[in-house]
Amino acid sequence: MPKKSSVRIDHEIEVLQAQIAILRRREDDFVRILEDMARLRDSVKAEQVTLASQITELESQKNPINWLPSELLIQIFVSVTEDDLDTSAGLAYNPSPVIISHTCRKWRKLAFATSMLWSHVSFRSRKWSASPVCAFINRSGSSLIDLTFSPPLYDVDDHDAAGDERLASECLLHTLSFHLSRVRSITFECTSSASMGLIVELLIDRLHELESLCSLDLSFTSLAPCFAGTPLLVLDELGKQSLADAPSVLTYLRLQQLPPRVISPSLLRSVQTLELSFPQRRSQRAPQYILRMSHVHRFLSFIPELQDLVLMETTPLRDVVFEEPSEGQTPDNRFVVVDPLKLHKLKSLTWKFANPRDVYTFMSFFSMPALERWEILIANSLTKRNDVSMLRGNHGHESDSFIQAERLGGVLSMTALKELCVSCQDGDSLISSLRQFFFPVLEQLELAYAGKCPSNCDHKHPLPRLDYVFRDPRLPHLTHFTLSHLDVFAGHGKLMLGYMPGLVSLTLISCTGVDGVLDALAEAYGRTMDVERKETRGCGVRVCPKLERIALWSCSDFKFQSLFAVVFARAQSVSTSVLMKAQKDVPSVVSAVMGRKILPLKKSRVVSPQGGPSSPAKPHTMQNSHAVPSTLIPIEEALRPVQIACVHVNDCPQITKVDASLLEEFGIVVVYR
């Protein structure tokens, strides 16, 4: 092969390089084409995804839940998480936010974007697990936190369970310690006093960081908590000086079987609602805490803003008296001399399972000038109190009484009370609990039987006479009266309603003896001549001339004729001429109506201060020593009662729809169910 010259070689190299350059340009063209194809492919895929999402969106619009805007869905989610108290799933955390976030893509996006949804941090297990707690706290963002610690109940002798509970509470509080400024409420329920000691220690040492705490609930789930090995029985924060600069926005406080004095007075000064729960202890295990009257008296003195007080099975052991021992009497160091504590702003008092003999004793140690509502459930009287913790109130007449202090006498006047709800388990307890109280301005009264009774039992507990229950049964300002699960004896209905001249609404719930009550309401004041029919007919009413509403719930022992008679009697109007004559000449009108001659009373004469001749006494309003107006009904009101405006009949099988329609002919509203 002939040897190529350098010139020829260079020429061939140039040709090859030119071919390579052409191939590279073609390769670049292919790359651009492939890139364009890839972009076209991606755009096609994106368009497919968009169309598919539109199809999904259209399909979702078939469900009404998806018609709601996101703002409304968020409010629903938050409401569900706040109201969901179901712990049957056995989870340590609140499952509601998690379930919502796993429903669909839209709900998951909304759930993660709503920090308030994760603000309810709960832990309901004795085995500690940090992941759910940390997840909720992190997702809550800057929202205020509601903490709930409520592990399952266990036997107090189970030391392993007590150790697990203490470890879980310690880890939970440590995790929360970095976010104390965001804590809005704390609900801490435990069995071990060691676990309770941790939260109490946190409230004392780091109180200044709890600047947003509005609600605090500390309770023992065991009925006999043992305080051995803890300082809770000797700790006294009330004796320490309150920090003036410590923030306090706490408005709700609940303590169950926890000594009240462990709470700092800096927290108490803004509390408006207080609930104390100290059930009767079921064990003699020591050491245990006994709530005493001196503790309650002192504790309430640190709550100037208290408006609502709730006592659940709480009657403190009396260790206070009003007076020092007189000369010649042996002093007793067990009793502390106190003055009645004035609760200036207390408006509502709820007392559940109060012993009837303790009601007056407890109330006498407090002055409640603004109290407007009192709800009380009176328990059965105990025949013998063997446990010292059950000795309450003033029981000097009992042979086994622990109290030998001075007797409490007199009457407590509830000058501002407008609503009274009393539930009892027997008539004797109802009588013995309220005899030393006076209710001059009472407007709403509810009496109910709360004892156990079989569902098919037709016999109701008898209602005592009103003058047996109250020291002064006259209730001139009463407008609403309710009886529940009671039997009204024959004749008692008329006597009872006679004390309520201003009654507007009467409600009877599952009562017997209703016929007697209705007959009293329908009884005519007298009889008058009907000019058109030329015969006499009843006119006016004797009791409750202002009655407008009657509600009968599950009452089966009355007849429709009795109810009809009430409506008919109050639908009859007396002529204007009779009323005008009644205003001018009362004796003659009364004589005509009553069917007998009424002689006017002689005017009493009094001696003048100067010793001159006597003069007729000035008329005066009938009042008792407490300035309660008379319950006598003026003749104008008796002759012209207010027409019944509404009759509510529920679950009364003897009343049919046809019967109810007859009442509507009088122009009243009838609610029939």
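1. The model under review is predicted. Its chain has 673 residues, of which 43% count as buried. The secondary structure comes to 19 helices and 28 strands. Among contacts in the chain with a separation of 6 or more, 75% are between residues 24 or more positions apart.

2. Rolling a probe the size of a water molecule over the atoms shows where empty space is left. In the whole structure, the search finds two cavities of 30 Å³ or more. The largest cavity holds about 60 Å³ of space. Its lining consists of Leu 463, Pro 464, Arg 465, Leu 466, His 492, Leu 495, Met 496 and Tyr 499. Helix H13, which covers residues 492-497, gives the most to this lining, with three residues.

3. How many residues of strand E19 are buried? Four of the five residues of E19 (residues 480-484) are buried, so this strand is largely enclosed by the rest of the structure. E19 pairs with strand E17 (residues 444-449) in the parallel sense over five bridges, and Ala 448 stands opposite Ser 484 in E19. Five bridges also join E19 to strand E21 (residues 505-509), and these two run parallel. Here Phe 481 stands opposite Leu 506 in E21.

4. Phi of His 485 is near 55°, a positive value in a residue other than glycine. Most residues other than glycine have a negative phi.

5. Gln 257 lies in the loop between strand E5 (252-256) and helix H8 (265-268). Is Gln 257 buried or exposed? Gln 257 is buried, because its relative accessible area is 7%, and the cut-off for buried is under 20%.

6. The side chain of Gln 257 has polar partners in the backbone. One of its polar atoms lies 3.4 Å from the backbone oxygen of Phe 220, and the side chain also reaches the backbone oxygen of Ser 222 at 2.6 Å. Leaving aside neighbours within four places in sequence, Gln 257 is in contact with Phe 220, Ser 222, Leu 223, Ala 224, Pro 225, Phe 227, Ser 277, Phe 278 and Pro 279.

7. Ser 185 lies in strand E3 (residues 183-190) and is buried, with a relative accessible area of 14%. The side chains of Ser 185 and Asp 146 are joined by a polar contact of 2.8 Å. Not counting residues up to four places away in sequence, Ser 185 touches Ile 145, Asp 146, Leu 147, Leu 213 and Ser 215.

8. Phe 299 is buried, with a relative accessible area of 1%. Which residues does Phe 299 touch, not counting residues up to four places away in sequence? They are Leu 238, Leu 253, Leu 255, Pro 260, Ile 263, Leu 268, Leu 274 and Leu 276. The C-alpha atoms of Phe 299 and Pro 265 are separated by 8.8 Å, although these residues are 34 apart along the chain.

Methods:
Residues numbered from 1 in each chain as written. Predicted model: local features only at pLDDT ≥ 70, side-chain atom pairs only at ≥ 80, totals over all residues. Heavy atoms only, no water. Buried < 20%, exposed > 50% of the residue type's maximum accessible area, 1.4 Å probe, protein only. Polar contact = N/O pair within 3.5 Å; in protein donor to acceptor, adjacent residues only side chain to side chain. Contact = heavy atoms within 4.5 Å. 1 Å grid on protein atoms, 1.4 Å probe; cavity = no way out; pocket = protein on both sides within 12 Å on 5 of 7 lines; lining within 4 Å. Points joined across faces, edges and corners; volume = space filled by probe spheres on them. Pairing = 2+ DSSP bridges.
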